[in-house]
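Hi there,

Here is the structure I promised to pass on. Could you open it and keep it beside you while you read my notes below?

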Amino acid sequence: MIAVLKHELSGYFHSLTAYIFGAFLMAFVGIGAMIYNIQQAVANFEYVLSFVSLAFVVLVPILTMRVIAEERKQKTDQLLYSLPITSVQVVAGKYLALLAVYFIPLCIVSIYPWMFARYGEVYLPASYGSIAAFFMMGAALISVGMFISSLTENLGFAAGIAISVILLNYYSVSLAEHVSSTAFGSVAVLWVLSCLLGVMIRFLTGDEGLAYGAAFVLIAATGAAYWIKPELFEGLLPELMKQLSLFERFYTFVSGVFDLTSIVYYCTVIGFFLFLTVQSLEKRRYH
Amino acid sequence: MITVEHLTKRYGEFTAVDDLSFEIEEGHVYGFLGPNGAGKSTTMNMITGCLSATEGRVKIDGYDMFEEPDKAKRLLGYLPEQPPLYMNETPLEYLKFVGEAKGLKGRELTRQIGAVICQTRLEGMENRLIAKLSKGYKQRVGIAQALLGDPKINILDEPTVGLDPIQIVEIRDLIRQLGRERTVVLSSHILSEVQAICEKVLIIAKGKLAAFDAPENLEKLFLASRGISFVAEAEADEVEEILKGMEGISAWQMKRAEDGNVCVEVQIASGEISDLSRSLFFAFAGKQKALLELTAKKANLEDVFIELTENDMPEAGMAKGESKESEAADQ
């Protein structure tokens, strides 16, 4: 794992990736700090981070698009498979390297609240709590981007899908107000999601029986639950969209609450997508 | 050293490798021969743990590749068909990563990198970008990577493909040199290459093992296909008459050349080629007909290969059975 980590890090710092990512992140934070903290003289650094969070839509795909897709494109994934290292070690090494590249500019950014505090009253715990949550949210988005990169060998495709997924997640709360809140609407969406899950299982494991089985069981279960107790599904869809939003959870921190459940949620997302990435690598071996 | 048991790989309906079993012993150069699409690369990918098998197992020095991949992979150095190189790195950076991933550290890592650079003659190129290297040098970086960690077995998938003749000779020398200290398995569809460097040959066709023996023994197995070709200054019916009166000939084909001579290919049923050549010569001389050319045709690996891979292999069983006998005889 250490070998992969070192190799990835040297790759990021030898190419432009780490610098472009760092420069963009710091530019966005700089613009935000100038608008909110300096021109409008607001003492809350959290607002800056909230302003910057939209930039993840572009920043994360820049960072993650090539992480596994490029290995496939150059056929170097075969080297990784033949070396005495496991897929878990490969994924962990690559993910830690991405986190390091993300962590470095954030370290510089975390000087800002301390600097502002010297010239005025800044509530530092809220600022640093938000920076920690900002790091966790980014880490979760990076794990999503990494998984998307493991699905294809086309870098553009990996970036495009990552941008749309993150954008969808960003707007999911605003969209939630416009989707159907009736029970049947929720059930219909759950059915579609079950089918999508089936497709994903089929794609990742190649096991058609398992894919059809899982999709069928989920569809039958939601159908039965709807038939017995339809009020369960009332307003479920908008609620679900709010709950799944990584960004919405970050705004809790911005408003000054250090919400541990959200940290747990971010960790779960990271674990889930890293697991899927490992599966996606293994699936290549099982072809 | 490598034991392959009932190895099978299916892609849906298509069977790429079909119930392959063989054993590779320590300290030889083995050639893995087969036409394109015969399943060479698939088999090598499964032996090295890059691909899972649908059925069967692979053991490397007693370690099961699918159950103890970590231990098994440490004994292997693999060069896939397309060298897996990071184009935006230098050979030195690349080898450092591979060495570290193979568990080498510190001074030992530096020593081994120096040694493989020397062995593959990469001196002077180690600090250039791999993307800027010629195909031959890229291939050498790929081989250097496989040599790191001093593995007992090196598996090289078509190591000389796309190289110029001088580079091919150099790489072959290197492989021969490696074969003295360790086991080398190389795949190829170039027969002369396998004949030149391999001590044992595995021929695979349509995913099945068609033959496994030393190249010389394989040639001997196919004595049936030997014959004599000659050009006679005579009429076709005269040649026919002479041949009918001879013993030890099973069949012949005749063709009239543009200059009026008759070209004949004779298949031998029994006896030595030299005896038959002599009696042919005297038979024609006795009838006052000149023989302008007389060539004894010996089966070479190429004939063996074509016969094994093109026909639907009724001979394959025989080749397999007899190869075991001759192996026993060797020991």
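Helix 9 (residues 236–244) of chain B lies across strand 11, strand 12 and strand 13 of that chain, and makes an angle of about 170° with strand 12 of chain B. Helices (H or I, at least four residues) and strands (E, at least two) are DSSP runs, numbered from the N terminus. Angles run from 0 to 180 degrees between N-to-C directions, and axes are lines fitted to C-alpha atoms, for helices over the stretch in contact. Helix 10 (residues 273–286) of chain B also packs on the sheet, where it touches strand 11, strand 13 and strand 14 of chain B; its direction is at about 170° to that of strand 14 of chain B. For touching, the rule is that two residues are in contact if their C-beta atoms, placed from the backbone, lie within 7 Å.

Before going on, a word on the model. It is a predicted one, in which local features need pLDDT of at least 70 and side-chain atom pairs count only at pLDDT 80 or more, while totals for chains, interfaces and linings use all residues. Residues are numbered from 1 along each chain as its sequence is written, and chains are lettered from A and ligands numbered from 1 in the order in which they are written.

Now the sheet itself. Its four strands run in the order 12-13-11-14 in chain B, the sheet is open and the pairing is antiparallel; two strands pair if DSSP finds at least two bridges between them. At the edges are strand 12 (249–256) and strand 14 (290–297) of chain B, each pairing on one side only. From one strand to the next, the twist averages 20°. Strand 11 (residues 227–233) and strand 13 (residues 262–268) of chain B are joined by six bridges in the antiparallel sense, and B:F230 has B:V264 in strand 13 of chain B as its bridge partner.

Elsewhere in chain B, helix 3 packs against helix 4 (residues 106–119) at an angle of about 125°, with the axes 10 Å apart. Helix 3 and helix 4 of chain B are therefore oblique to each other (under 35 degrees counts as roughly parallel, over 145 as roughly antiparallel, 65 to 115 as roughly perpendicular and the rest as oblique). The residues that meet are B:L95, B:K96, B:G99 and B:E100 from helix 3 of chain B and B:L109, B:Q112, B:I113 and B:V116 from helix 4 of chain B.

In chain A, have a look at helix 4 (residues 56–64) and helix 10 (residues 155–176), which pack at about 150° with their axes 9 Å apart. That angle makes helix 4 of chain A roughly antiparallel to helix 10 of chain A. Among the residues of helix 4 of chain A that meet helix 10 of chain A are A:F56, A:V60 and A:P61.

For the overall picture, chain B has 12 helices and 14 strands.

Best wishes
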